[in-house]
Amino acid sequence: TNDRINVAIDGPAGAGKSTVARLVARELSYIYVDTGAMYRAITWYMLREGIAAENHELVDRKVQNMAIELLPEKDVQKVLINGEDMTPHIRSLQVSGQVSQYSKIEGVRSRLSHLQRQMALRKGVVMDGRDIGTTVLPDAEVKIFMTASVEERALRRYKELKDTETVTLQQLEHDIAARDRLDEGREISPLCRAEDAILLDTTHMDILQAVEAIVSHCRTYVNGERNHL
Ligand code: CDP
Ligand code: CDP
């Protein structure tokens with residue numbers, strides 16, 4: 001229907017974007033697009049090929065020539081590069097530690113932003129990342145900037161990783177703060193709140209409360225538009 005809108009959700013690592021965005025999409029019967037997974041997939045691919053982020057030219061050339069596909073599966077979303085599924089490797093600490101170095105490269109950003117815009121052309125998309133409300137979908141009808149304290153975000157990540165990775169809470173806090181600084185400080189489309197984005201601090205909010213808050217903004221928007229007709 002013509003009622004469908006696009007929803008942009010940005011914010012720092014561990015704020016709850018992907019968990020909440022996926023549930024918002026389910027609630028509205030929209031498509032969820034995890035843009036962080038795309039940057040992570042490219043990072044894993046380059047690491048595996050032994051192509052350092054410092055080698056911008058080579059990264060650029062590789063990225064312009066690779067086939068990138070996003071397969072929306074039931075719960076996770078798969079990212080394929082040249083037909084190969086990168087998804088099993090993209091959440092590792094190794095990838096988390098390097099992704100900001102690759103994601104600041106112009107050719108990487110332009111290639112992925114272009115793909116992301118195409119996915120949103122028909123509306124009905126919930127997309128999360130760092131630059132969705134500012135750069136990828138500046139016309140998104142609903143924009144959310146989701147945050148939480150760095151302590152709370154590190155704790156959330158710790159609970160996810162403690163069984164599979166050797167890592168301390170303190171180390172994660174340090175890593176997350178460092179990644180935030182890189183993402184906020186880069187030249188091209190840095191992490192920042194769009195002027196018209198609604199600030200949602202989830203430090204003391206559980207997942208369902210955050211979902212409810214966003215869905216309610218979406219419904220209010222759609223109903224408001226309908227009343228204008
Ligand atoms: O899940 P988490 O918040 O740890 O990260 P993510 O959303 O998977 O994003 C991983 C990294 O990709 C970020 O730290 C950014 O460097 C980059 N990214 C970006 O530059 N632009 C986006 N729209 C999404 C992610
Ligand atoms: O995508 P982003 O890095 O912003 O965060 P996430 O991967 O969706 O969430 C990180 C972790 O925090 C997940 O394990 C969520 O279940 C958890 N979480 C939470 O405990 N409370 C919230 N309000 C939001 C997320």
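Begin by selecting ligand 2 with the residues around it: by class, this shell has 5 nonpolar, 4 polar and 5 charged residues, where Ala, Val, Leu, Ile, Met, Phe, Trp, Tyr, Cys and Pro count as nonpolar, Asp, Glu, Lys and Arg as charged, and the others, Gly among them, as polar. Before going further, note that this is a predicted model, in which local features need pLDDT of at least 70 and side-chain atom pairs count only at pLDDT 80 or more, while totals for chains, interfaces and linings use all residues. Residues are numbered from 1 along each chain as its sequence is written, chains are lettered from A and ligands numbered from 1 in the order in which they are written, and side-chain values use heavy atoms, with hydrogens and water left out.

Next, colour G14, K17, S18, T19 and E160, which come nearest among the 14 residues around ligand 2 (a residue is near if one of its heavy atoms lies within 4 Å). Zoom in on the polar contacts, which are pairs of N or O atoms within 3.5 Å: oxygen atoms of ligand 2 lie 2.8 Å from a backbone N or O atom of G14, 2.9 Å from a backbone N or O atom of G16 and 2.8 Å from a polar side-chain atom of K17. Of the 540 Å² of accessible area that ligand 2 has on its own, the protein covers 81% (by the Shrake-Rupley method with a 1.4 Å probe). Now show the helices (DSSP runs of H or I, at least four residues, numbered from the N terminus), and you will find that α1 (17-28) and α7 (150-161) are the elements giving two or more residues to the shell around ligand 2.

Then move to ligand 1, which 20 residues surround, the closest being R40, R109, R157, R179 and D183. A polar side-chain atom of T35 lies 3.0 Å from a nitrogen atom of ligand 1, while an oxygen atom of ligand 1 is 2.7 Å from a side-chain N or O atom of R157, and an oxygen atom is 2.8 Å from one in the side chain of R179. Taken alone, ligand 1 exposes 530 Å², and the protein buries 98% of that.

Which helix gives the most to the shell around ligand 1? Select α2, which contributes 4 residues, the most to this shell; α2 (35-49), α4 (93-103) and α8 (169-185) each supply at least two. By class, the shell around ligand 1 has 4 nonpolar, 6 polar and 10 charged residues.

Note on methods. Polar contact = N/O pair within 3.5 Å; in protein donor to acceptor, adjacent residues only side chain to side chain.
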